[in-house]
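Keep the structure open while reading.

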Amino acid sequence: MGEHNVDEALDDRKLRAYMKALLDDLRALEYMLDHDLIESGVRRIGAEQEMFLIDQSLHPAPVGREVLERAGDERLTTEIARFNLEANLTPRLLGGRCFREMEQELEEVLRLTREAARTCGADVLLAGILPTLETSDLTLRNMTQSPRYAELNRALLRMRGGSFAIHIKGLDELQMKHDNFMMEGCNTSFQIHLQVSPKEFVPLYNMAQAITAPVLAAAVNSPLLLGHRLWQETRLALFQHSADDRSFAHQARSQPTRVGFGEGWMKHSVLEMFREQIARFRVIILGETDDDPFARLKRGEAPRLSALRLHNGTIWPWNRPCYGISEGRAHLRIENRALPSGPTVLDELANAAFFLGLMTSLPEAYGEIDRLMSFDDAKANFFAAARFGLNAQFVWTNGRSYPAATLILDELLPLARQGLEKSGVEAEDIDRYLGVIEERVESGRTGANWMLRSLAAMKDQGTRDIRHRALTKTMLWRQQTGEPVHLWPVIETNEAQDWHHSYRTVGQFMSTDLFTIQPDDLIDLAANMMDWRHIRHVPVENEEGKLVGLLSHRALLRRLAQGQSGGEHAEPIAVRSIMKTNPVTATPQTPTLEAIALMRRHRVGCLPVVDKENLVGIVTAQDFLEISARLFEEHLRPEEKQTAYALAASSDGNGD
């Protein structure tokens, strides 16, 4: 869990005092390592489960605080977004029935959370990225009220010098700017912790770096972001962009990001990474510091190292070193942050068993991984897994190249089994969890693959929002059955009884595939575009993508009729001379009935949709015909039928 008690007043005096405490903590850790004061010979495992809260329309439900209060479970805590929560599971020794016990505990926590959520009209969903998320969900009003999150948001924006830039290419391309840290609220993960001895930390950390790629390739579950099909595990690219505090100058000299894979193998000690964090990344939030850590050591107590832990919590490598205290003893952990939440609890525990089995067996089977593989290959493998999942190609030990599925099935799964057997995990559980990985890889059916195949099978049925809600609804149902994702059938139809939830706001069904013109373009171009595309309205935008006018089919016909007398030598006419300036517009958040009322009141046949002056879509009277037809089928009340009749009457295309 992150520290929430932070100091919002970051002045120079406090910053210097905090930096002194941070350096004192680092020296204390060095002393503890030199004098064997950190627990050794114990392998504990733990996990953090992040989750989405969704409402009855399957969109984000910003009720985290309310659910937390009603659940009353100390294992639950907030996340940055009000529609996210996090559960911290009980640490347990690696061996015996540890995975089965962790699965049962997680199911229990989710049941309690779901019961509390339902009293708030919400439910719980495990997903790397929620398919129904919209940009309008990612505003500061949906940020959890916490000094930590508020200060993180302020500090990152201040250091960056402006908005966060998101640019991710996949099957589609997403390029946008966002003016706050809330894009991070799109991501939820299942984070695995492994306690290790100080003397084995370096080789095991390097091993974690190497094996994260194949484990991730088998676990990908986040192919969609804001309606775009991007990477198989889009979370990785999004988190790096959404927490990027680098100014333009820092980017120009390739300063490392706070979220990343790292720049090289660890060589000597865990201290390397903590020193690197202090040297490279400025302190962005302050918190309460302990008394002198050396005074605690003299009293025979384990120091909390609060300053070091808080700073470490503002830097997010995909494998992160962690210092903690358990039952009065200090320990070190490796936290794997790369794996997504979902698709089911069983799938998550299978991913954990695969990762931890490899962490146990590969040091003996391979030796030191940095002698067998270049760091560049490990890093390239990681991003290949994120982009392509099981279709990735890996460069493995001694430069050998493997398809991801072949490497996993032929080499890594048998080694993971050996590692779990060596750790004393019960044979039945080894078969249960590694069997899920084996069947998932053999079938190629990861969570990401299931989502993309389902979208392809649904093709153009209904709106994009309807298709994404169909995904989310099925995920929620299948998840609660506990059936692992490789057994989920592809969705082929998106018909749903609650289709009307997808037509509540303009942004849910507006057309975003726009054909536009600029003010100085010829009206002949506009006329041809209307003819080619069978459209009656063309938005006019400037070079910055801001709406400056609207050209209607009727206005064009009138002007062309007036120009007949000019003959073939008539002067070319620019769009600006006949376009309608200051057209009536809507925003993506405009309620549908309000949009209909706008069109009727102003007698127009379409509404350009703008967001912060930028043109983002368009809705026309024709777009409402499907809604009207369905509304009649739903036995409307008299006043609602009257609205629908009026809409149908206004859909004859006569409006400008």
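Tyr149 has a relative accessibility of 6%, so it counts as buried. The cut-off for buried is under 20% relative accessible area. This is a predicted model. Tyr149 belongs to helix H4, residues 147–160.

## Ala210 and its neighbours

Ala210 sits in helix H5. Its relative accessibility is 1%, so Ala210 is buried too. Which residues does Ala210 touch, leaving aside those up to four places away in sequence? They are Trp265, Ile369, Met373, Ala378 and Trp396. Take Trp265: it is 55 residues from Ala210 along the chain, and the C-alpha atoms of the pair are separated by 9.8 Å.

## H5 against H11

Helix H5 covers residues 201–217, and helix H11 covers residues 345–366. Their axes come within 10 Å and cross at roughly 130°. That angle makes H5 oblique to H11. The crossing of H5 past H11 is right-handed.

On the H5 side, the contact uses Leu204, Met207, Ala208, Ile211, Thr212, Pro214 and Val215. H11 supplies Asn351, Phe354, Phe355, Leu358, Met359, Leu362, Pro363 and Tyr366. By class, the contact of H5 with H11 holds 13 nonpolar residues, 2 polar and no charged.

## H11 against H13

H11 also meets helix H13, residues 404–422. Here the axes come within 7 Å and cross at roughly 90°. H11 is therefore roughly perpendicular to H13.

H11 contributes Ala353, Phe354, Leu356, Gly357, Leu358, Thr360, Ser361, Leu362, Glu364, Ala365 and Tyr366. From H13 come Ile408, Glu411, Leu412, Leu413, Leu415, Ala416, Gln418, Gly419, Leu420 and Lys422.

## H1 against H8

Helix H1 (residues 12–34) packs on helix H8 (residues 271–280). The angle is about 170°, and the axes are 11 Å apart. H1 and H8 are therefore roughly antiparallel to each other.

Met19, Leu22, Leu23, Leu26, Leu29, Glu30 and Leu33 make the contact from H1. Their partners in H8 are Leu271, Phe274, Arg275 and Ile278. The contact of H1 with H8 divides into 9 nonpolar residues, no polar and 2 charged.

## The covered helix H6

Is helix H6, residues 234–242, mostly covered or mostly open? H6 is mostly covered, with 7 of its 9 residues buried. Those buried are Thr234, Arg235, Leu236, Ala237, Leu238, Phe239 and Ser242.

What do the buried residues of H6 pack against? Two helices take part: H5 and H12 (375–388). So do strands E7 (164–169), E10 (224–225), E12 (259–260) and E14 (316–317).

## Backbone geometry in loops

The peptide bond from Gly342 to Pro343 is cis, with omega near -5°. Pro343 lies in the loop between strand E16 (329–336) and H11.

Leu305 has a phi near 55°, a positive value in a residue other than glycine. Its place is the loop between helix H9 (293–298) and helix H10 (306–312). Leu305 is buried, at a relative accessible area of 1%. Arg603 also has a positive phi, of about 55°, although it is not a glycine. Arg603 lies in the loop between helix H19 (592–602) and strand E21 (606–611). Is Arg603 buried or exposed? At 69% relative accessibility, Arg603 counts as exposed.

## Cysteines

A disulfide is a covalent bond between the sulfur atoms of two cysteines. How many disulfides are there, taking a pair of cysteine sulfur atoms within 2.5 Å as the rule? The count is 0. Cys120 is partly exposed, with a relative accessible area of 22%. Cys606 is buried, at 2%.

Conventions. Residues are numbered from 1 along each chain as its sequence is written. This is a predicted model: local features need pLDDT of at least 70, side-chain atom pairs count only at pLDDT 80 or more; totals for chains, interfaces and linings use all residues. Side-chain values use heavy atoms; hydrogens and water are left out. Axes are lines fitted to C-alpha atoms, for helices over the stretch in contact, and angles run from 0 to 180 degrees between N-to-C directions. Helices (H or I, at least four residues) and strands (E, at least two) are DSSP runs, numbered from the N terminus. Angles under 35 degrees count as roughly parallel, over 145 as roughly antiparallel, 65 to 115 as roughly perpendicular and the rest as oblique. A crossing is left-handed if the near helix is turned anticlockwise from the far one by less than a right angle, and right-handed if clockwise. Contact means heavy atoms within 4.5 Å. Ala, Val, Leu, Ile, Met, Phe, Trp, Tyr, Cys and Pro count as nonpolar, Asp, Glu, Lys and Arg as charged, and the others, Gly among them, as polar. A disulfide is a pair of cysteine sulfur atoms within 2.5 Å. Buried means under 20% relative accessible area, exposed over 50%, partly exposed in between (1.4 Å probe, protein chains only).
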